[in-house]
Amino acid sequence: MEMILAPSILAADFTKLGEQMKETEREGAQYIHFDVMDGKFVPSISFGMPVLASIRNAVDQIFDVHLMIEEPIRYVEEFQKAGADIITVHLEACSDVKATLEKIKACGAKAAISICPDTPVAELEPYVELVDMVLIMSVHPGFGGQSFIPSSLEKIRETRALLDRVNSTADIEVDGGIYTTNVREVLEAGANVIVAGSAIFRGDAAENTKNMMEILRAY
Ligand code: DX5
Ligand code: ZN
């Protein structure tokens with residue numbers, strides 16, 4: 001299974017966003033992680049479709065769009081049209097999770113489901129066969145720069161066991177508080193897609209991406 005790095009541009013310097021994205025692409029990061037926040041599902045507000053559309057052609061990376069918004073089914077089609085390759089919705093934010101995941105796939109994007117730190121892995125069971133990826137939040141969604149919640153490791157292991165049980169080939173993405181110092185234990189627990197915002201964009205994005213990719217490639 002390929003180990004994938006998904007730099008979260010929430011932490012990027014928006015005065016040179018395109019340049020920083022290209023730096024991560026040159027150093028091998030396969031995804032760009034795009035954090036959409038509506039100020040309702042999470043207490044912060046970030047960016048949306050116009051920003052996504054404006055940066056889509058800056059790089060060839062896969063756009064991994066993380067919708068931290070209430071009732072995301074309303075915007076799935078617009079995000080796919082704006083350039084989303086993968087659309088992740090929160091189990092806690094959908095009144096009809098199955099319909100939302102099916103809508104994502106009907107629009108031509110890959111579907112992923114995410115759970116917050118306080119949501120048990122067991123709640124994913126009815127949906128794992130519908131998704132291409134599961135996102136385990138290792139921080140409470142809404143802000144970059146938080147500390148990794150250690151109990152997330154057990155949730156990653158539980159998720160890997162659940163996917164194996166149903167013979168799913170879905171990826172496991174982990175998001176929040178991941179640095180070169182703790183990424184190995186996240187991979188060891190069973191994740192293969194790593195989101196990193198502060199670890200990449202605080203300081204030299206090219207150097208940080210290179211260092212993180214060295215660990216992922218060596219795993
Ligand atoms: C938080 C977002 C994360 C965050 C990661 O709600 O979903 O993607 O931007 O940022 P770091 O890597 O700084 O924790
Ligand atoms: Zn995210």
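1. Contact here means heavy atoms within 4.5 Å. On that basis, and leaving aside residues up to four places away in sequence, Asp35 touches Ser8, Leu10, Ser46, Phe47, His66, Met68 and Asp175. The model is a predicted one.

2. Asp35 lies in strand β2. Since buried means under 20% relative accessible area, Asp35, at 5% relative accessibility, counts as buried.

3. Asp175 is placed in strand β7 and, at 7% relative accessibility, also counts as buried. Beyond four places in sequence, the residues that Asp175 touches include Asp35, His33, His66, Leu135 and Val195.

4. The UniProt annotation "active site", from an unreviewed entry, covers Asp35 and Asp175. Although they are spread over 141 residues of sequence, they cluster in space, with a largest C-alpha distance of 10.5 Å. Both Asp35 and Asp175 belong to the lining of the largest cavity.

5. The count is one cavity of 30 Å³ or more, and the largest cavity has a volume of about 230 Å³. It is lined by 25 residues, of which Phe143, Gly144, Gly145, Asp175 and Gly176 are the closest to its centre. By class, the lining holds 13 nonpolar, 10 polar and two charged residues. Elements that each supply at least two lining residues include β2 (31–37), β3 (62–68), β8 (193–196) and α7 (198–201).

6. Helix α5 (residues 152–165) has 14 residues and should span 20 Å at 1.5 Å a residue; the end C-alpha atoms are 20 Å apart, which agrees. Its buried residues include Leu153, Ile156, Arg160 and Leu163, and what covers the buried residues of α5 includes β5, β6, β7 and α6. After α5 comes Asn167, with a positive phi near 55°.

How values were computed:
Residues are numbered from 1 along each chain as its sequence is written. Chains are lettered from A and ligands numbered from 1 in the order in which they are written. This is a predicted model: local features need pLDDT of at least 70, side-chain atom pairs count only at pLDDT 80 or more; totals for chains, interfaces and linings use all residues. Side-chain values use heavy atoms; hydrogens and water are left out. Helices (H or I, at least four residues) and strands (E, at least two) are DSSP runs, numbered from the N terminus. The expected span of a helix is 1.5 Å times one less than its number of residues. Buried means under 20% relative accessible area, exposed over 50%, partly exposed in between (1.4 Å probe, protein chains only). On a 1 Å grid over the protein atoms alone, a cavity is a set of points where a 1.4 Å probe fits but cannot get out, and a pocket is an open set with protein on both sides within 12 Å along at least five of seven lines; lining residues have an atom within 4 Å of a point. Grid points are joined across faces, edges and corners, and a volume is the space filled by probe spheres set on the points. Ala, Val, Leu, Ile, Met, Phe, Trp, Tyr, Cys and Pro count as nonpolar, Asp, Glu, Lys and Arg as charged, and the others, Gly among them, as polar. UniProt positions are given in the numbering used here, feature names are shortened, and annotations may be inferred rather than shown by experiment.
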